[in-house]
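Hi everyone, thanks for coming. I'd like to walk you through one structure today, so please have a look at it before I start talking.

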Amino acid sequence: MMWRYRPSTTSDAASVAALRADVLRADLERLGRYDPIRVRERFLAAFQPENTRVIIWEGQDAGTIAVREERETRWIEHFYLRPEVQGKGIGGEVLADILSQEPRDVVHRLNVLQGSAATRLYLRHGFVVEKQDAVDVFMIR
């Protein structure tokens, strides 16, 4: 598959916030938690472009993934693919690439919304549920 990364910059913030709102909307609505302003504001308040990569597919921005280092843990965050790119195997390849990067003995963590189809991707890549609440599922590998 032909995809690559480019570093994110502060100028990506608005487009990534919009992508996040689009990708998470159905799950957040199902959970009774969708607020079009809040979903963007939460992202913008925490956006760290230095931790984020933009996924390029067929010459266009197709998604994002962020990796945040925290002691012996690597948090995988803001992993979003445009809806028309989902289901093409790109997410699995990107996740495998991130997991294969050094250091290999580090614990990987992430959280996903309850009932999200993305959970299957994470389970296939060795993540297990660590804890969960009514909205979030926290996973570890």
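This is a predicted model: local features need pLDDT of at least 70, side-chain atom pairs count only at pLDDT 80 or more; totals for chains, interfaces and linings use all residues.

A pocket here comes from a 1 Å grid over the protein atoms alone: it is an open set of points with protein on both sides within 12 Å along at least five of seven lines, whereas a cavity is a set of points where a 1.4 Å probe fits but cannot get out.

Residues are numbered from 1 along each chain as its sequence is written, and side-chain values use heavy atoms, with hydrogens and water left out.

Back to the pocket. Which residues lie nearest its centre? They are Leu 24, Phe 79, Tyr 80, Val 112 and Tyr 122, out of 44 lining residues, which are those with an atom within 4 Å of a point. The elements giving two or more residues to that lining are helix H1 (13-30), helix H2 (36-46), E4, H3, E5 and H4. Those labels are DSSP runs numbered from the N terminus: helices are H or I with at least four residues, strands are E with at least two.

Now the sheet. It is open, has seven strands, and goes in the order E1-E2-E3-E4-E5-E7-E6 with mixed pairing. Two strands count as paired if DSSP finds at least two bridges between them. Strand E1 (3-7) and strand E6 (128-132) are at the edges with a single partner strand each, so one side of each has no neighbour in the sheet. From one strand to the next, the twist averages 30°. If pairing is new to you: strands of a sheet pair through backbone hydrogen bonds, either parallel or antiparallel.

Let's go strand by strand. E1 and strand E2 (residues 52-57) run antiparallel, joined by five bridges, and Arg 4 has Ile 56 in E2 as its bridge partner. E2 and E3 are antiparallel too, with six bridges. They form a hairpin with two residues between them, and Glu 58 in the turn has a positive phi of about 50°.

Thr 52 sits in strand E2, and its bridge partner in E3 is Ala 66. Is Thr 52 buried or exposed? Its relative accessibility is 5%, so Thr 52 counts as buried; the cut-offs are under 20% relative accessible area for buried, over 50% for exposed, and partly exposed in between, using a 1.4 Å probe and protein chains only.

Seven bridges join E3 to E4, again antiparallel, and Gly 63 is partnered with Leu 81 in E4. This pair also makes a hairpin with two residues between the strands, and Arg 71 in the turn has a positive phi of about 50°. Arg 71 counts as exposed, because its relative accessibility is 81%. His 78 has a positive phi of about 50° as well, although it is not a glycine. His 78 lies in strand E4 and counts as buried because its relative accessibility is 18%.

E4 and E5 pair in the parallel sense over three bridges, with Arg 74 opposite His 108 in E5. Five of the seven residues of E5 are buried, so E5 is largely enclosed by the rest of the structure.

H3 (residues 90-100) lies across E1, E2, strand E3 (60-70), strand E4 (73-81) and strand E5 (107-113), at about 160° to E4. Axes are lines fitted to C-alpha atoms, for helices over the stretch in contact, and angles run from 0 to 180 degrees between N-to-C directions. The buried residues of H3 include Val 94, Leu 95 and Ile 98, and the buried residues pack against E1, E2, E3, E4, E5 and helix H4 (118-124). Contact means heavy atoms within 4.5 Å.

Last, the cores. The largest nonpolar core has 22 residues, and Ile 55, Ile 76, Phe 79, Ile 90, Val 94 and Tyr 122 have the most contacts inside it. A core is a set of buried Ala, Val, Leu, Ile, Met, Phe, Trp, Tyr and Cys residues joined through side-chain atoms within 4.5 Å. H3 gives this core its largest share, five residues. That's it from me, thanks!
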